[in-house]
Amino acid sequence: MSNDTAKIPIERKRLDEASSKGVPWKKWGPYLSERQWGTVREDYSENGDAWNFFTHDHARSRAYRWGEDGLGGISDDKQRLCFALALWNGEDPILKERLFGLTNSEANHGEDVKEYYFYLDSTPTHSYMKYLYKYPQAAYPYHELVETNQRRSREEMEYELIDTGIFREDRYFDVFVEYAKAGPEDILVKITVANRGPETAELHVLPTLWFRNDWATWIAGPSPKPMLKQIESPAGSGAIEAAHTVLGTYHLYCEGDVPLLFTENSTNHRRLGLDYPDIGPYLKDGINDCVVQGRTDAVNPDRHGTKAAAHYRLKVDAGGTATVRLRLTGQPPVGQDKRLPFGPGFDETLSARLREADEFYRSVTPPSVSPDAANVMRQALAGMLWSKQYYYFDADLWLEEHRAHPLHHGSRQFRNREWFHMINDDIISMPDKWEYPWYAAWDLAFHTLPIAIVDPAFAKEQMDMMLRGRYLHPSGQLPAYEWNFSDVNPPVHAFATLFLHRTQQALRGETDLDFLKWAFNKLMLNFTWWVNRKDRYGKNVFEGGFLGLDNIGVFDRSAPLPTGGYLEQADGTAWMALFTQNMLELAVELTAYDPTYEDLVSKFVEHFLYIAAAMNKSGQDGMWDEEDGFYYDLLRLPDGGGTRLKVRSMVGLLPLCATTVIEKWQRERVPQATTALLARMRQMPELVESIHPTGPGHLGVAERGILALVNPERLRRILSKMLDEKEFLSPYGIRSLSKFHEQHPYIFHAAGQEYRVDYLPAESNTGMFGGNSNWRGPVWMPVNALLIRALLNFYMYYGDNFKIECPTGSGQIMNLFEVAKEIADRLTRIFLRDERGRRPVYGGTEKFQNDPHWRDHILFYEYFHGDNGAGLGSSHQTGWTGLVAKLIQLFGLLDAQKVLESGKAAASIRGKPEGEVQK
């Protein structure tokens, strides 16, 4: 073995073994949801009211149909066997088996988890993981949280768990869970309970093992029933055998002489008032009833079933800790004459896996990054890795069970009935496993960028998965999200595919041609769907509805307009312009291997020119407003007239994102397409009148060309607003709506009603889209990342030949690399300690700012206050907010000169890992 090979991080070797040799290092991972209740998959109501059909109160008693949830848990990659924590403080009315939160109807700003938990660490193979849950010692205030939030108006902030005073005097437990793999199917579990309070306190800790119920008679094609049973074990421990006809046999060893409780993962129909017979006395809530209510008859005295828990009762001194150790293994049973499950090797392995995790993260973190930023980057990536989830949804079966299958007689109109082809059965990167425990198409594309830092193969698998026929509609539409697969998310998947392709080239110096061809062909289907379905009259201007931007506009863009007519959307049209640019670049890549793709380069260049000409049309029929120097949506009225909806929002900034540089080598690779483009420009000069000058005589640094919707004059005018701290430029990134509208709200009257858009830096004041999504002021990470990409592209073209005042009015002149870095620094600043030691993400919540047991644990929220950077919305949306890890890495490696030298490769450049030779 060479010296260089020996220094490759051990975790990197595991990744290679998993990818190239099929070693199942990823078979076990954090694949449980954190909320299976209240999801569309589990909704069997007549009216599609998922939240109220299957409530949190039902979850402990009702068996799930399509998945499982748990606290800090793991499962195999098909979620057949699950392991998670259950806790009881002696005061709560129920075991803490899963996270509690409010539904849409219960909260003043929509659904929201009301717990404090943190994904502290994870390697990409999950060889080491660490999780923290903060559990109050007093009774959890379930009713108080619901009642207080229901009383509050949309103008008031949410009432959070910490606001109840339950953490006063630090009367809570920190419950840490660590997982370390001694082998692919040999998992060590260490649970550490720290009593942060002033007095000794008792905590019941119930590590729980159970099978997902796929054997019940109400399940179509049930499987053979598996079995958990107590078996003999080494002295001083307990053991549970888990036997499954497909998964095989596993054993859970529990250190200590501890009671083992058994029941069935089957619904308690009687408790729920359901008119079905129970299978027997031992049901899903049996362990809960035994521990909390003292009902020993609720668990099976014969010690077998399909759900089991070890019952530890820990008395923990004030300021002290207690530890529980377990081992879940697929290896044969261990006995007195063999190695013990909790011998010296247990702690040695745990320590080794942590060292290897440290080694791995050092290898992907630029040495120029501060320790605080490195901590933020590592926790962001850990959050993304913890947010993997097994997602099972067979739409053919689900629709049949709902009497809504369109191919069957007597089917009714119901949610997602046109997606009967779809079968999802995969590990998927989720936006947030509590609030969004279902994939969202455009979120997932953004997830792949930071995931590629640590696991490029998994990132590529995610994109590959979304384009498969089991997901992609035969029409070419990508499924948007579980509540309505037919809604429309921005088409950013070609962008992500191109990024992943370049990342692999940077890492391995090679092209996965099969993946590139396959993805391109599937993206062609999606592009055709957009052109045929979302360009209403073939004018090269696009709609799309809300396009992921929720309540950013005057109207609900997914509903019929109160004026009649339709919207020509600046964001939809800009997204499509970017789509064409990404597709033409993919076609250029493929042309190097197959010249037949060169014709498609010409096709996508022409598409871009037609879209640009339509979008940049002058006069009242165009989206560009010459007076304001900004792009707006155009409302088309039934009589054919039109009016611009003059809301200064992210909608008008997105045209900047449709920008890409064309390297000299790219033009040389497609000489016929280049010639055809020049000929078309001579033939139809009006196509290029309004875009950025391109072609001969307009080459930039290193003879780069450029395709951009905005010309230099419009670029300056838009940037002057975007970089104005009185408009879009927040201390923490680019706002989604201009602060101009704080004093000058946009008001539109239609059908006797007033429609209004105000600058709202924090939460939404409307119930649109559930009331918890707000693009009317806060900072959102994904669109900020695209704006940074656009600025870097412009810099690759201009170098120092284009400079602008930043911030506007400051007198400080920057080139566009410096502007991009300034925005990235402001975004990163959300999470970093400032000169006073405070993290803006936590706003005025003093416990998070000052307490040593809170202040360095980072939450990656859905969006951020437009003025003070405080985290808002979903508190674990590490998915696209995890992009901050990519920003930290990217600007830790890049400077202006490297960008100009590297060109297209700049975004996928990587540092030299510790001890590894740079490729």
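**Close-up 1. What lines the second largest pocket.** Here the lining splits into 11 nonpolar residues, five polar and six charged (Ala, Val, Leu, Ile, Met, Phe, Trp, Tyr, Cys and Pro count as nonpolar, Asp, Glu, Lys and Arg as charged, and the others, Gly among them, as polar). The space in this pocket comes to about 720 Å³. Of its 22 lining residues, Arg62, Trp218, Thr267, His269 and Tyr276 sit closest to the centre. A pocket is an open set of points on a 1 Å grid where a 1.4 Å probe fits, with protein on both sides within 12 Å along at least five of seven lines, and lining residues have an atom within 4 Å of a point. This is a predicted model, with local features needing pLDDT of at least 70 and side-chain atom pairs pLDDT 80 or more, while totals for chains, interfaces and linings use all residues. Numbering starts from 1 along each chain, and side-chain values use heavy atoms, without hydrogens or water.

Close-up 2. Seven of the seven residues of β21 (388–394) are buried, so the strand is largely enclosed by the rest of the structure (buried means under 20% relative accessible area, with a 1.4 Å probe and protein chains only). Lys388, Tyr390, Tyr392 and Asp394 point one way, and Gln389, Tyr391 and Phe393 the other. β21 runs antiparallel to β22 (423–429), joined by seven bridges; strands are DSSP runs of E, at least two residues, numbered from the N terminus, and two of them pair if DSSP finds at least two bridges. Asp394 faces Ile423 of β22.

**Close-up 3. An open three-stranded sheet.** The order is β23-β26-β27, paired antiparallel. At the edges, β23 (566–568) and β27 (642–645) each pair on one side only. Four bridges link β26 (633–636) with β27, and Arg636 has Gly642 as its bridge partner there.

Terms used
Points joined across faces, edges and corners; volume = space filled by probe spheres on them. Buried < 20%, exposed > 50% of the residue type's maximum accessible area, 1.4 Å probe, protein only.
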